[in-house]
Amino acid sequence: MAETITITDNRTGEAVEIPILNGGVDSKEWSKLLPGVWFQDPSFGTTSGASSAITELDGENGILRYRGYPIEQLAQHSSYLEVAYLLIFGDLPTPEQFEAWRYEITHHTFIHENLRKHFMEGFHHDAHPMGMLVSTIAALSTFYPEAKNIEDPSVVMKQVIRLIAKMPTLAAGAYRHSAGMPFVYPDNSLDFAANFLSMMWKTAEPRYDANPVLSRALDVLFILHADHEQNCSTTAMRTVGSSHADPYSATAAATAALYGPRHGGANEAVIKMLNVIGSIDNVQSYVDAVKRGEMRLQGFGHRVYKNYDPRARIIKKTADEVFEVTGKSPLLDIALKLEEVALSDEYFLSRKLYPNVDFYSGLIYQAMGFPMDMFTVLFAIPRTAGWLAHYIELLDQDSRICRPRQLYIGKPEREYAPIETRNGSQAG
Ligand code: CMC
């Protein structure tokens, strides 16, 4: 049987048959029959906002692939820098391509002294690092005014390299400022994750060598967070990018979208929740309160995964490796119990609520010594590669500016009343 859908306009009796392609229908076909009639879909739950060749996500079956490569294979064999190359260019690099890419990224990690001295140091001592990150990314556009020339792919690529390279420097700089510690300059002899850890933790030693298990674990977490198709922040990136804003301004907007507790802020919320639960004995009563609708189980549920998030499975394994080095987090037992109770409860099973990427990542970050308000920053560093891959794709596709329709639900037309005639009851 043909995979089509027929829509009939009952006002005129006219009908249109639209093919169902890859599980969806093209709105242009719909518009041919019904110009001016639009879909009401405020959170885009049933709207595909982009055609993309970057990340394939099958939420029903718990599958995630970057450019066709299963996330499990990339997490096991690859590095974040290689994955960033894959996302941006579409294929894994040859040894020569990788070396050139690694060299470029490594040699763009420094930030302008004015940005550090005058801008970052101007923040209040207790400024949230995500607020600092959003602002400093946006400020980069003022240091590289040529970034506005988005018509030139070589100019765009230069900003892509700068952004991927400078994110760890900005992130660690935000932390050092809030900790009252001096800024640590990048060390070009270290790889991406080890260099970030050096900029975070170096004190008086001439060179900071991170524990290799911890720097590899962080690199794996960077791989897992590098892209996730049309999530809230990527949609922000594509929406802002569709106005042809420069890559820094668009990335700042995407980072702001990531900040919220429903998105990249959830890993912080998970630790707060585990602290509130406090002990294994309280897990059942907490789950009962969640079921009564009093709160949500943080790190559970996902708009598209209706199965175990494949990233959560890898993170759980990575957590074991990290705890071997750091010692076990006291919150781990509560998390394991919570997962066990939730996954045997009809409420969570019937709603297909499983642990997502954020359920265990916060425990790893905490064990590695990161303060809680750095957790979302740790998400933003690698997601930058994904955001920029989407930005480049959007420009290549020459997409129209994003401009959805609106259902107006406000007052009908009314007459302006001079202020002296108003008594506060102007309802009509
Ligand atoms: N705890 C308890 N119930 C939940 C949860 C949860 N975490 N998530 C969804 N539900 C229930 C919800 O109450 C609703 O029940 P009912 O049908 O009885 O009204 C049903 O499941 C469907 O929920 P929804 O609100 O329609 O789901 P959504 O797709 O709009 O929300 C979500 C997705 C991720 C925002 C949500 O699951 C949530 O708030 N989770 C907790 C926060 C979290 O872990 N966020 C990280 C997401 S993964 C990382 C990332 O991409 O940023």
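**Ground rules.** I am working on a predicted model, in which local features need pLDDT of at least 70 and side-chain atom pairs count only at pLDDT 80 or more, while totals for chains, interfaces and linings use all residues. Residues are numbered from 1 along each chain as its sequence is written, and side-chain values use heavy atoms, with hydrogens and water left out.

**Ligand.** I then looked at polar contacts, each a pair of N or O atoms within 3.5 Å. A polar side-chain atom of Tyr 347 lies 3.2 Å from a nitrogen atom of the ligand, and one of Arg 351 lies 3.0 Å from a ligand oxygen atom.

**Second largest pocket.** I took a pocket as an open set of points on a 1 Å grid over the protein atoms alone, with protein on both sides within 12 Å along at least five of seven lines, and its lining as the residues with an atom within 4 Å of a point. The second largest pocket holds about 260 Å³ of space, the volume being what is filled by probe spheres set on the points. Its lining has 19 residues, and Leu 81, Asp 191, Phe 192, Ala 193 and Asp 219 lie nearest the centre. At least two lining residues come from each of α3, α4 (95-106), α7, α8 (192-201) and α9, with α4 giving the largest share, 4 residues. I read helices as DSSP runs of H or I, at least four residues long, numbered from the N terminus. By class, I noted 9 nonpolar, 5 polar and 5 charged residues in this lining.

**Helix α3.** Is α3 (residues 80-89) mostly covered or mostly open? I found it mostly covered, since 8 of its 10 residues are buried, where buried means under 20% relative accessible area, exposed over 50% and partly exposed in between, with a 1.4 Å probe and protein chains only. Leu 81, noted above at the pocket, is one of the buried residues of α3, along with Tyr 80 and Val 83 among others. Gly 90 follows α3 and has a positive phi, near 100°.

I found 1 cavity of 30 Å³ or more, a cavity being a set of points where a 1.4 Å probe fits but cannot get out. The largest cavity contains about 30 Å³ of space, and its lining consists of Gly 241, Ser 242, His 244, Leu 394, Leu 395, Asp 398 and Ser 399. His 244 sits in the loop between α10 and α11 (247-258) and has a positive phi of about 70° although it is not a glycine.

Thr 318, in helix α14 (residues 310-326), counts as buried because its relative accessibility is 5%. Leaving aside neighbours within four places in sequence, I found Thr 318 in contact (heavy atoms within 4.5 Å) with Ala 217, Val 220 and Ile 364. Pro 145, by contrast, counts as exposed at 51%.

Methods: Polar contact = N/O pair within 3.5 Å; in protein donor to acceptor, adjacent residues only side chain to side chain. Nonpolar A, V, L, I, M, F, W, Y, C, P; charged D, E, K, R; others polar.
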